[in-house]
Amino acid sequence: MEKGNRQVVVSALQFACSDDVPTNLATAERLVRAAHAKGANIILIQELFEGYYFCQAQRDDFFQRAKPYNDHPTIKRMQELAKELGVVLPVSFFEEANNAHYNSVAIIDADGTDLGLYRKSHIPDGPGYQEKFYFNPGDTGFKVFQTKFAKIGVAICWDQWYPEAARAMALQGAEILFYPTAIGSEPQDEGLDSREHWQRVMQGHAGANVVPLVASNRIGKEIIETEHGKSQITFYGNSFIAGPTGEIVAAANDKDEAVLIAQFDLDKIKSKRSCWGVFRDRRPDLYKVLLTSDGSKTSS
């Protein structure tokens, strides 16, 4: 007999960032309140929303943007907001940990409790996205967090291109996947537009794991002074929410601020996931090749 419905309403926010922290926090709070007014329980804010996406340049002064996890002012403000509204908020930030630096997200539960930290595992390094200059590879491993409304998996931007990350979170019981993001044009190739590829990859994660997925991206043009002159990225937004077969149920465009909303019955989806058999029929004993970099056989 099917269990009775456990409804959850999720939201993805999308906005253009300035390079002023108070302004961006005010925008994020305004949109969180708008999502709450639409009934949202879990609300995703985009990656590194406190300012511009500074990784266009390799500049030592940008390390001053990092702050320790404990007593982080943005996290504390979002804890107060989450508690006031009774919503769950994953909060992306640039973390300083002694001599290490991470691209991190803190998961704030609906009573304002900080449930813990995830540090971005896959760190990109290419024109306009020079994150290896700033961020150590995350050391938390892929995690899930039991919130008031659902058990959620949260990973960050470049992580979203890896099916292993999505599957690792799903295996730990994640009922919804969340990906805060900062992605747009490629400074070295104006003709390269990855938005459809980006979206389809995550739709595949949702469908392969039979879980909803929420992706939040920024919009707007950002110009950063680099060691070689100005660098410019136009972030393409297109934030979206996918259902458990990978179908798009809500989507933003590439220019406008957005508050996306979707509702899911988690018990119904759990039943579908069980019936579909993709976790029943897994063969972990045959997947040892995934522990290699070059696909070579591993010893038994």
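This is a predicted model: local features need pLDDT of at least 70, side-chain atom pairs count only at pLDDT 80 or more; totals for chains, interfaces and linings use all residues.

Residues are numbered from 1 along each chain as its sequence is written, and side-chain values use heavy atoms, with hydrogens and water left out.

Cysteines, then. A disulfide is a pair of cysteine sulfur atoms within 2.5 Å, and by that rule the count is zero. For C55, the nearest cysteine sulfur belongs to C157, 9.6 Å away, which is too far for a bond. C55 is buried, at 0% relative accessible area; buried means under 20% of that area, with a 1.4 Å probe and protein chains only. C157 is also counted as buried, at 6%.

Next, S104. This residue lies in strand β4, residues 100–108; strands are DSSP runs of E, at least two residues, and helices are runs of H or I, at least four, numbered from the N terminus. S104 is buried, at 0%. What does the side chain of S104 make a polar contact with? The side chain of E95, at 2.7 Å.

Last, helix α3, residues 163–171, whose buried residues are A165, A166, M169 and A170. Viewed down the axis of α3, they fall within an arc of 130°, so they line one face of the helix. That arc is taken over the directions from the helix axis to the C-beta atoms. After α3 comes G173, with a positive phi near 100°.

Notes: Buried means under 20% relative accessible area, exposed over 50%, partly exposed in between (1.4 Å probe, protein chains only). A polar contact is a pair of N or O atoms within 3.5 Å; within protein, one must be able to donate a hydrogen and the other to accept it, and residues adjacent in sequence count only if both atoms are side-chain atoms.
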